[in-house]
Amino acid sequence: MKLFGTDGIRGAVNRHPMTPENVLKVGMAIGSLLREKHGRNMILIGKDTRLSGYLIESALTSGICSMGMNVTLVGPIPTPGIAFLTRTLRLDAGIVISASHNPFEDNGIKFFSHEGFKLPDELEKKIEELVQDEGLMRRRPKGSEIGKAYRLDDATGRYIEYIKSTIPKGVIFEGMKVVVDCANGAAYKTTPWLLRELGAEVISTHDKPNGTNINSGCGSLYLEGMQKAVRFHKADLGIAHDGDADRAIFCDEKGHIVDGDRVMGMWAAEMKKSGTLKNNAVVSTVMSNFGLEKYLEKHGVKLLRTKVGDRYVVEKMIEGGYTLGGEQSGHIVFLHHNTTGDGPLTALQVLYLMKKRDTALSKLSREIRLCPQILTNIDVEHKQDIRNVPEIEDAIRAAEKKLGNKGRILVRPSGTEPKIRVMLEGEDRKLIVRLGRDISKVIKEKMT
């Protein structure tokens, strides 16, 4: 049975695949695979703030140690912090226990290689095969060969110091007021701490996790609170993370949203100007707005698209030697700084660009004119290939005919949740809203 989606293993806790019994086997599988390579014999494990983090952490640790590998636990920390620490501590792998933006009832497991990159499809397949291999139990060592668990106390501090090192020494943000929505998640200390140390006045919201309030009406999926707080406090900008803080979505001083597409556009122009944008290209996904593509063209920069998932963006960046990539949803990858989407680092880079240009975020972002785009998520009982449902294919073709060459349509199953995502983009908002409604109606009739 397939375990991995577009970003690791994910699901409702105590339901397959996120049962403690299955997680134990996943730990045994990754422990078995890495022990055979005879590295440092150590795996790093971090998590977000979900109640079930304790349960999953214990099961994973037991499985890994039972195969003779050791574990270092760091507690709540943003996902990109695990990628950074795994790489710099020279460990064999990193694991993050998080379901990202999902509600607290869900949890998940993301893996990072010793280089800090998410695992390729081939290695995920090997883990799946081992989990189902009845011979896995017979691989367990005995006696003194079983593993140990350790704890690293200053992980967040190390990660923050690294992020600060990505901007020139001496740059401070005194006089800037920032609202940070921590989503009651993994960055509830990190981003406020980072920006305060650099002199910014920080209004921190949703920074009191209790295990069940992660992503609950806050964070990168619920931006109204951040927008309202920015206007109320007359702040210079707002920053909203998701539960594991590999994303950052912004709003300017007027409360207008600045998403991942605009951040990529702003930084692509800056890097092109300074000669640091390798191969004059930015890597994003099929979800990125056509307006970003047109903006980049004006600056002599190509937009390369991959399927949805930041790991596919990173794979393309490595393949072509590119330095900037990301997703509209707020995963931004500065590959010369970190190996995955990094919310706190992206926040710092946006503040630094404002400081460097001595201008407001609204002025930085307004040059990037995005086309109207609508995204609808439809809950389904079971995900399936929409190409197997002729009525849905017919509805999409009919909408594409009406849209002509003035927009595009993307319908796909979510890689992490039982949903079908419908995206339409075009010059005429009323038209794309109507066409999106038509397609959604057919999907609901045939798949729910």
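**Close-up 1. The salt bridge between Glu 319 and Lys 316 in helix H10.** In this predicted model, Glu 319 forms a salt bridge (a side-chain nitrogen of Lys or Arg within 4 Å of a carboxyl oxygen of Asp or Glu) with Lys 316, and the closest N and O atoms are 3.8 Å apart. Because the two residues lie three residues apart in helix H10 (residues 310-320), about one helical turn separates Glu 319 from Lys 316; helices (H or I, at least four residues) and strands (E, at least two) are DSSP runs, numbered from the N terminus. Glu 319 is exposed at 64% relative accessibility, whereas Lys 316 is partly exposed at 28%, where buried means under 20% relative accessible area, exposed over 50%, and partly exposed in between (1.4 Å probe, protein chains only). Residues are numbered from 1 along each chain as its sequence is written, and side-chain values use heavy atoms, with hydrogens and water left out. Since the model is predicted, local features need pLDDT of at least 70 and side-chain atom pairs count only at pLDDT 80 or more, while totals for chains, interfaces and linings use all residues.

Close-up 2. Glu 197 is partly exposed, with a relative accessibility of 37%. Arg 305 is partly exposed, at 28% relative accessible area.

**Close-up 3. A network of salt bridges.** Asp 7, Arg 10, Lys 110, Lys 118, Asp 244, Asp 246 and Asp 310 are linked in this network. In total, 25 salt bridges are counted in the model.

**Close-up 4. An open sheet of seven strands.** The strands follow the order S1-S2-S6-S5-S3-S4-S7 with mixed pairing, two strands being paired if DSSP finds at least two bridges between them. Strand S1 (4-5) and strand S7 (149-151) are the edge strands, each pairing on one side only. Strand S4 (residues 70-76) runs parallel to S7 and is joined to S7 by three bridges; Leu 73 has Arg 151 in S7 as its bridge partner.
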